[in-house]
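Here is a short briefing for a first look at a protein model. Keep the sequence and the 3D view side by side as you read.

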Amino acid sequence: MRLNGISSDILVAAKRVVLCQIVLAIGVVLYEVFFGNKVDMESSALGIVIAMLPPLFGFIYASLKVRKNPNYSLRDLMQMSRVVKITYTFLMFILAFQFFKLDNPVILYAYIFTMIGYFLTPFITASNRSEYV
């Protein structure tokens with residue numbers, strides 16, 4: 001099956017995911033600014049980065065793959081994106097826990113709270129899609 005224009009559709013989806021994650025990340029950062037200390041703010045920022053970069057890498061990788069060969073199936077693109085996302089997430093967590101002297105539970109809760117935006121994006125965009133029909 002040939003996927004026409006899917007590369008730009010992938011990038012549009014990536015923008016929507018990043019915007020939803022940014023909204024939740026602002027909430028995490030504001031919470032740490034008011035109730036945390038400097039280490040907690042740095043830890044939450046690192047957790048947010050770990051939550052946002054790997055999915056973005058996965059979207060970009062899938063977009064580049066479909067641009068080179070438009071005959072990829074959607075299932076293969078999703079699987080490639082998932083593998084890239086999981087690989088970079090594990091790598092970034094290992095680096096964060098091993099080399100940064102930050103508060104690990106704060107990194108994890110900032111990651112989890114920001115990743116909620118990744119999973120909520122399809123529900124938010126599905127409700128907005130009715131406006132365009």
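Of the 133 residues in the protein, 36% are buried. Buried means under 20% relative accessible area, exposed means over 50%, and partly exposed lies in between, with a 1.4 Å probe and protein chains only. This is a predicted model: local features need pLDDT of at least 70, side-chain atom pairs count only at pLDDT 80 or more, and totals for chains, interfaces and linings use all residues. Residues are numbered from 1 along each chain as its sequence is written, and side-chain values use heavy atoms, with hydrogens and water left out.

**Overall fold**

- The protein has 4 helices and 0 strands. From the N terminus, the order is α-α-α-α.
- Helices (H or I, at least four residues) and strands (E, at least two) are DSSP runs, numbered from the N terminus.
- Take the contacts between residues at least 6 apart in sequence: 78% of them join residues at least 24 apart. Contact means heavy atoms within 4.5 Å.

**Surface**

- The protein has an accessible surface of about 8,600 Å², and carbon and sulfur atoms account for 69% of that. Accessible areas come from the Shrake-Rupley method with a 1.4 Å probe; for residues, only the protein chains shown count as cover.
- A nonpolar patch on the surface has about 980 Å² of accessible area. Its members are Leu19, Ile22, Ile26, Val29, Leu30, Tyr31, Val33, Phe34, Phe35 and Met41.
- Patches are made of residues with over 30% relative accessible area and no salt bridge; like charges are joined within 9 Å, and nonpolar side chains (Val, Leu, Ile, Met, Phe, Trp, Tyr) within 5 Å.
- Helix 1 (residues 6–35) gives the largest share of the nonpolar patch, 9 residues.
- Isoleucine 22 sits in helix 1. Isoleucine 22 is partly exposed, at 34% relative accessible area.

**Nonpolar cores**

- The largest nonpolar core has 14 residues. Leu46, Ile50, Ile107 and Tyr111 have the most contacts inside it. Helix 1, helix 2, helix 3 and helix 4 (104–129) each give two or more residues to this core.
- A second, separate core has 5 residues, including Ala25, Val28, Ile48 and Met52.
- A nonpolar core is a set of buried Ala, Val, Leu, Ile, Met, Phe, Trp, Tyr and Cys residues joined through side-chain atoms within 4.5 Å.
- Isoleucine 107 is in contact with Ser43, Leu46, Gly47, Ile50, Phe93, Phe97 and Leu102, leaving aside neighbours within four places in sequence.

**Aromatic rings**

- The structure holds 4 aromatic pairs. In one of them, the ring centres of phenylalanine 57 and tyrosine 88 are 5.0 Å apart and the planes stand at 65°, so the pair is edge-to-face. Phenylalanine 57 is in helix 2 (residues 38–68) and tyrosine 88 in helix 3 (residues 74–99), 31 residues apart.
- Rings of Phe, Tyr and Trp (its six-membered ring) pair if their centres lie within 6.5 Å; planes under 30 degrees apart count as stacked, over 60 as edge-to-face and the rest as tilted.
- Phenylalanine 57 is partly exposed at 33% relative accessibility. Tyrosine 88 is partly exposed at 37%.
- Phe93, Phe97 and Tyr111 form one aromatic cluster.

**Salt bridge**

- The whole structure has 1 salt bridge. A salt bridge is a side-chain nitrogen of Lys or Arg within 4 Å of a carboxyl oxygen of Asp or Glu.
- Lysine 38 and glutamate 42 meet in a salt bridge, at 3.8 Å from N to O. They are 4 residues apart in helix 2, so about one helical turn separates them.
- Lysine 38 is exposed at 58% relative accessibility, while glutamate 42 is partly exposed at 37%.

- Leucine 77 lies in helix 3 and is buried at 3% relative accessibility. Leucine 77 and alanine 62 are 15 residues apart in sequence, with their C-alpha atoms 5.6 Å apart.
- Threonine 114 lies in helix 4 and is buried, with a relative accessible area of 0%.
- Beyond residues up to four places away in sequence, tyrosine 118 touches Val17, Gln21, Pro55, Phe59 and Lys85.
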